[in-house]
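Visitor: I am new to this structure. Please take me through the metal site, one step at a time.

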Amino acid sequence: MGRRGWRVSGKNVSDVWGLVEAKRGIFFDLSDRVWDMPELNFEERRSCAEHMAVLEQQGFRIARNVAGIPTAVMGEAGEGGPVIAILGEYDALPGLSQVAGLAEKKPVTEGGNGHGCGHNLLGSGSLMAATAVKDYLEAHGLKGRIRYYGCPAEEGGSAKGFMVRAGVFDDVDIAISWHPAPFAGVNNPISLACNEINFHFSGRASHAAASPHLGRSALDAVELMNVGVNYMREHMPSTARIHYAITDTGGSAPNVVQASATVRYLIRARDLPEMQGLLRRVKKIAEGAALMTETTVRSEIVSGDANLVGNTPLEQLMHRNLERLGPPIFDDQDKAFAAEIQKTLTDEDIKSSFARFGLKPRTGVPLCDTIFPPDSGDGSFVGSTDVGTVSWVVPTVQMRGATYAIGTPGHSWQLVAQGKAPAAHKGMEHAAKVMAGTAVDLFLTPSLIAAAKADLRERLAGTPFVNPIPDDVNPPVGAME
Ligand SMILES: [Zn+2]
């Protein structure tokens, strides 16, 4: 089963798989180099430069400083026709430094960064797919433009939201992406819309014993706000999530009435309108807390993502590509290392990994050997992604690529440890083939693009898009040269 060629308009779409294979070394190396230089949110200067160098070497036309973000890049190839974008990422996470290829927790640098979400593979795999599509368009003299978007700061930075606001996707017909995972299949497009927002309270300092009546405590206001929001929890949709962190308590001296204090909220809900409704209510509670304490409050949004909007025609197309290719193939060495990693996990980790992708749990299966079914899982355990914001303005489809031992938790040292393994490379190449095949299908059959656009219009009918990043918020890149 699997790996069957197919023809559209006399052209063999599966030729693009060979084009992916022909350049695999370039992209395995790119992914490994980015793994070696884990950089955080908006600081991915070297990782972005690595992607730019490969774009240049492969003959893409390059746009730098996309949306005014120095670590965002876009490469385009081809002429006329539709525009298909493949989205990549390359940011890492703090505190997850880990030696590669080791099934034991051991940092390269104590407290250092690490690629705990596999974005070294994500960026390189997407550029691998875009390059194969470019080569395919050239080989067959086809009209159409393929783009690679190097998107920074996915981890809490919402860079794609800023890029949407700047209009960089306005002429894009279809967006395609993927994410490393334990299993391969079409991503079930469920994610939570979110906004991160700071509430700064200002009061009046005074001696807490000698003149407490003259003081107005900003810290009291933060505490009352948190109490108010905690009471609101009973009266919000059960799928919504609200988290907070007190980022400034105003000081450490209890004998001073704290004149300033800041609490950061992260508000998440199933879709953008629901999230915006909750945000309005949280703001009212902040005002209430200020009223109760005779302090003042000022709020500022830090980041925000829209929820993912699915696209049936694109998901069906990508699933057909997955079925034609079959699951990725791993050898005994790949399985042996994955089994070592699994020994560091709990049975619960492994079981819930199967369940999350709509699969029956099996034992003794270290790596993916199947394509998970479309609309997998019930979506009850989901986070947020800035791909969501893109999916409101461009028909978007994503897959999961099988790059890690089944059960590997996200943002874990185990995930970092597997980021340069041959299995990770194989899973990345597999994802690149599916994305490239999907893009080629779209170029050869423009009616699919029209169907995807109609599907998006239908889903969003009557719901105006409001970017969760307001016009007056800028990406935090001011300090960069
Ligand atoms: Zn990620």
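Guide: A few ground rules come first. This is a predicted model, where local features need pLDDT of at least 70 and side-chain atom pairs count only at pLDDT 80 or more, while totals for chains, interfaces and linings use all residues. Residues are numbered from 1 along each chain as its sequence is written, and side-chain values use heavy atoms, with hydrogens and water left out.

Now the zinc ion. Its protein donors are Cys117 (SG), His119 (NE2) and His179 (NE2), at 2.1 to 2.3 Å. Donors are N, O and S atoms within 2.8 Å of the metal (3.2 Å for Na, K and Ca); water is not among the atoms, so sites may look incomplete. Along the chain, the donors of the zinc ion follow the spacing C-x1-H-x59-H. Histidine 119 sits in helix H4 (residues 119-140) and histidine 179 in strand S7 (residues 174-181), so the pair ties together parts that are 60 residues apart in sequence. Helices (H or I, at least four residues) and strands (E, at least two) are DSSP runs, numbered from the N terminus.

Next, burial. Buried means under 20% relative accessible area, exposed over 50%, and partly exposed in between (1.4 Å probe, protein chains only). Histidine 119 is buried at 0%. Histidine 179 is buried at 16%. Cysteine 117 is buried too, at 14%.

What about cysteine 117 and disulfides? A search of the whole structure finds 0 disulfides, a disulfide being a pair of cysteine sulfur atoms within 2.5 Å. The sulfur of cysteine 368 has its closest cysteine sulfur in cysteine 117, 18 Å away, too far for a bond. Cysteine 368 is also buried, at 2% relative accessibility.
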